[in-house]
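Biologist: I would like a close look at one part of this model. Please set that part in the context of the whole chain.

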Amino acid sequence: HIRNEEDKDILTRKLFDVNMRLFHSSPSYKRIVLDCCAYIEWSTLTEKEGYKKPHGWSGANAGIPFNIIAYKIDDKSARVMINPKIDAYGDLKKKVKSNCGSLTLDKPLEIERTVQVYVTYYDIRGNVKRTSFGPNPGFTIQHEIEHNLGILITDKG
């Protein structure tokens, strides 16, 4: 299902967390990270061939080695999360149909997702945030975080 070896390499590896000490102390490093964030946000809001309506995008999707994701809020806006980590999962699980823009799947896979997740991340200003997410966008956030951990949807379905 993976298109080529370069895609396989980045899609199956754990990405690097952004060094937040450098983010706060080095303007050059911060600019690189913010450029990556802007590209991932743009990618979340842009239709692609074979993937018309992305719900989210990750560093792995973008070929960027940083643990950054974005999820769509509406057709015109997305939220970026730097170093997102799921701290806890709710008890309720649900079978959902899911697809992935990085893989060539003939049809969506049925996978099990947790309905409620609790996530810690940094926003684009470098502030730590702790938030819980319900099914939408929680399912997307779980998927994108898994991408950055090297876990593919085909590993779950």
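Biologist: How far apart are the mean positions of the 24 positive and 20 negative charges of the chain? Then, for the close look, which residue in the hairpin of E6 and E7 takes a positive phi?

Modeller: The model is predicted, so local features need pLDDT of at least 70 and side-chain atom pairs count only at pLDDT 80 or more, while totals for chains, interfaces and linings use all residues. Residues are numbered from 1 along each chain as its sequence is written, and side-chain values use heavy atoms, without hydrogens or water.

Charges come first. The two mean positions lie 4 Å apart. Lys and Arg count as positive, Asp and Glu as negative; His and the chain ends are left out. Each charge is placed at NZ of Lys, CZ of Arg, CG of Asp or CD of Glu.

Now the hairpin. Strand E6 covers residues 117-122 and strand E7 residues 128-133. They pair antiparallel over six bridges (pairing requires at least two DSSP bridges). Threonine 120 has arginine 130 in E7 as its bridge partner. Five residues lie between the strands, and glycine 126 takes the positive phi, near 90 degrees.

Next, the context. The chain has six helices and seven strands (DSSP runs: H or I of at least four residues, E of at least two, numbered from the N terminus). Their order is α-α-α-β-α-β-β-β-β-β-β-α-α. The C-alpha atoms fill a box of roughly 45 × 35 × 30 Å along the principal axes. Of the 157 residues, 46% are buried (under 20% relative accessible area, 1.4 Å probe, protein chains only). Among contacts (heavy atoms within 4.5 Å) between residues at least 6 apart in sequence, 63% join residues at least 24 apart.

Methods
Buried means under 20% relative accessible area, exposed over 50%, partly exposed in between (1.4 Å probe, protein chains only).
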